[in-house]
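Reader: I am new to looking at protein structures, and I would like to learn how to read one step by step. Could we go through it together?

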Amino acid sequence: MTSASADHLLRGLALDGTVKFVVADTTTINRRLREMHDAGPLGTMALGRVATAALMLAAGLKHKQQLGVQINGEGPLGEIYAIADPDGAVRATVTDPRADTGGLKLADGIGPGRLTIVRRLEEDAPAYRGVVALVDGGIGADIAEYLLSSEQIPSAVSVGERLGPEGVEAAGGFLVQALPDADPEALERLVKRIGRLPPLGDLLAGGLTPEGLLDRLFDGAQILARTDLSLTCPCTREHFARKLCTLGSAELARMTDELPETVLECHFCRSQYIFDREQMNALLYGARMYEQAN
Ligand SMILES: [Zn+2]
């Protein structure tokens with residue numbers, strides 16, 4: 001499932017090539033995530049921010065590589081997880097999209113916990129994982145902490161949205177990373193500039209584009225790439241059929257016996273895959289053949 005949108009991301013260099021940046025407008029992706037997961041305000045913030053962060057962190061990867069941002073907290077939202085690739089595709093899920101704390105502070109919905117960054121650099125190869133404790137719970141500062149403590153890259157990260165009565169008015173993010181030869185004084189000026197920015201969601205809701213955001217951050221930025229972004233899930237019926245088969249013939253037989261149909265739901269896009277008795281029997285037959293052959 002892919003949604004057309006104007007969402008896009010720019011990446012490039014600034015301050016004479018000593019600072020890397022990514023800026024993104026993810027308004028449509030945030031809106032679609034909210035609809036897809038029937039999310040409340042906290043769920044919408046969680047899904048949108050983690051998706052935006054994953055897209056920005058994946059922006060420098062090579063084709064076919066993937067990056068996941070996973071948050072596991074003790075709060076009512078549960079696990080929040082997004083997977084993105086450098087071609088601008090992202091998908092995201094949260095355990096309880098309708099979690100409600102009575103307030104609008106994302107950190108309260110997440111609670112104390114940890115952030116894991118999962119990098120898959122080759123298809124079917126083991127993933128690299130880096131884990132840090134959450135320091136803020138608003139996602140942006142947590143990602144910056146991860147980049148500093150796990151990868152020794154001083155970074156500023158902001159992900160945010162503005163929610164209105166109709167849902168997501170605007171959403172996006174920026175990521176700024178200092179390269180080793182960056183001038184400390186220039187960085188200090190940049191940090192001050194970032195500190196003076198109004199909340200990102202308000203800026204974007206006011207009509208500011210990623211290009212305009214660059215002008216607010218830097219005096220002259222060199223854009224190296226522009227990537228269109230989309231909410232995309234690669235799930236297929238075949239994938240879920242294989243998953244069913246891995247349960248083994250005994251379990252498949254039990255399910256076929258007890259249920260008129262077996263319904264599986266993709267956690268990421270909430271698509272439902274329905275297998276009736278006839279289809280379950282075909283899978284059961286396949287599973288038995290496989291078990292006899294092994
Ligand atoms: Zn899916």
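Reader: How many salt bridges does a search of the whole structure find?

Author: Let us begin with the general idea, which is that side chains of opposite charge can pair when their charged atoms come close. Please keep in mind that what you see is a predicted model. In this model, a search of the whole structure gives 12 salt bridges. One of them joins Arg162 and Asp202, whose closest N and O atoms are 3.5 Å apart. This pair links distant parts of the chain, since Arg162 belongs to strand β8 (residues 155-164) while Asp202 belongs to helix α6 (residues 200-205), and the two residues are 40 residues apart.

Reader: Which domains does the domain assignment give for the chain, and how far apart do their C-alpha centres lie?

Author: The assignment gives domain 1, covering 8-231, and domain 2, covering 237-293. Their C-alpha centres lie 37 Å apart. The contact between them takes nine residues from domain 1 and four residues from domain 2.

Reader: What is the area buried between domain 1 and domain 2?

Author: In general, the size of an interface is often given as the accessible area lost when the parts come together. Here the area buried between domain 1 and domain 2 is about 530 Å², and carbon and sulfur atoms give 62% of it. On the side of domain 1, the residues that lose the most area to domain 2 are Met36, Arg91 and Thr93, which together account for 62% of what that side buries.

Reader: How many salt bridges and how many residue pairs in polar contact does the rule find across this interface?

Author: Across the interface of domain 1 and domain 2 the rule finds zero salt bridges, but it does find four residue pairs in polar contact. The elements that each give two or more residues to the domain 1 side are α1 (27-37), β4 (79-84) and β5 (89-94). Of these, β5 gives the most, with four residues. Sorted by class, that side of domain 1 has six nonpolar, two polar and one charged residues.

Reader: Where does β5 sit in the order of the sheet?

Author: Six strands form an open sheet with mixed pairing, and in the order β7-β6-β3-β4-β5-β11 you will find β5 between β4 and β11. The edge strands, each pairing on one side only, are β7 (128-133) and β11 (230-231). β5 and β11 pair in the parallel sense over two bridges, and Val90 stands opposite Leu231 in β11.

Technical notes:
Residues numbered from 1 in each chain as written. Predicted model: local features only at pLDDT ≥ 70, side-chain atom pairs only at ≥ 80, totals over all residues. Heavy atoms only, no water. Domains from an automatic or database assignment. Contact = heavy atoms within 4.5 Å. Buried area = accessible area lost by both parts, 1.4 Å probe. Salt bridge = Lys/Arg side-chain N within 4 Å of Asp/Glu carboxyl O. Polar contact = N/O pair within 3.5 Å; in protein donor to acceptor, adjacent residues only side chain to side chain. Nonpolar A, V, L, I, M, F, W, Y, C, P; charged D, E, K, R; others polar. Pairing = 2+ DSSP bridges.
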